[in-house]
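Here are some exercises to work through with the model in view. Have a go at each task before you read its solution.

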Amino acid sequence: MHLALGLVALACSSLTAPAHADDFLDAAKKKIATATMTKETWDGPTTGPKAVASKTLVFVAADMKNGGIVGVSKGVEEAGKAIGWNVRVIDGQGSVSGRTAALNQALALKPAGIVVGGFDTTEQKVAFENASKSGIPLVGWHAGDKPGPNEKAGLFANVTTVTDDVADIAASWAVVDSGGKAGVVIFTDSQYAIAVYKARAMEAIIKKCGGCTVLSFEDSPIADSATRMPQLTTSLLQRFGDKWTHSLAINDLYFDFMGPSLTAAGKKGDGNPKAVSAGDGSEAAYQRIRTKRFQAGTVPEPLNMQGWQIVDEMNRAFNKAAWSGYSPKVHLVTAENVAKDGGPKNEFDPDNGYRDQYKRIWGK
């Protein structure tokens, strides 16, 4: 009797395990279906203070080799022109010392406001404290793992999508594409707290997938991608071979320099390992996705739109108002929707009328 019950229990457990795996895969498929839908409806702020006249902003970029930061800076410049402000861009050149120097230069200029693009607030704690003491409002882009104010760092608002959602969608795509059997290498940069947070969040999703495996968690400086990624790619291919089915990275820049090594190993542009980025959506990434050359997807930030949001948040700071409370919903770009959501400029620029919405708020 006990043996029979044991066999029944064993049979039931063997039946319920795959069902659980199927539920996880079905949930991932639903997330991907929602994330790939075209964003045509404005879901951001519709009210706010009127424009303050004649302000000067300094946009301090962590690294202008980063396509995401470049895209946001252009959005800030475009919105600045629309609201009637002057915008100056200073490049931190991808190093800690360079970012410190850039922030100090911005403070010396005594602008009305400073935008920090892609900064780690912990790394630049002293410079941020100096800005706070000076009374200059700070608005960040990707200056932390959460959207909104960060009083401890002196940020009026941090403009970003929700990091956990971005990581979830990128990792879920790998789960769905592999049928729940992905062998994943994750690329991140420990210089940035948000990068590590995002990478660990992707890792957690893959580990929830019973048939998936995290083969390696690679910490490689994003600023050194051009020199490090070719050899690292070759090394990973030698270590894992065909077990390596998918790559997940915190930024598209990692994939800029993997192609030649993959080609040399006989890999096809639309084959494994398939690459998906949880961040930004650079022009180069769009071109790779469009041509199916060693990148299958990206979870892009609406960079230009976020530039407009940054200017709106800064205007709220000048008016002593609360931040807008807005965080754009995540979007996934793949070969199937890149023609619609990439457009001729190879960037995610939602057709939701955001420019007119912000101009209406500002009275422009």
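**Exercise 1.** Find which helix gives the most to the lining of the largest pocket.

*Solution.* Start with the helices (DSSP runs of H or I, at least four residues). Helix H2 (67–83), helix H9 (283–291) and helix H10 (303–318) each supply at least two lining residues. H2 gives the most, with six residues. Next, look at the middle: among the 22 lining residues, Gly67, Gly71, Lys74, Glu283 and Glu347 lie nearest the centre. Finally, sort the lining by class: four nonpolar, nine polar (Gly counts here) and nine charged (Asp, Glu, Lys and Arg).

A pocket here is an open set of points on a 1 Å grid where a 1.4 Å probe fits, with protein on both sides within 12 Å along at least five of seven lines; lining residues have an atom within 4 Å of a point. This is a predicted model: local features need pLDDT of at least 70, side-chain atom pairs count only at pLDDT 80 or more, and totals for chains, interfaces and linings use all residues. Residues are numbered from 1 along each chain as its sequence is written, and side-chain values use heavy atoms, leaving out hydrogens and water.

**Exercise 2.** Work out the order of the strands in the open sheet.

*Solution.* Strands are DSSP runs of E, at least two residues, and two of them pair if DSSP finds at least two bridges between them. The edges are strand S2 (86–91) and strand S5 (148–150), each pairing on one side only. Now zoom in: strand S1 (residues 56–61) and S2 run parallel over six bridges, and Phe59 stands opposite Val89 in S2.
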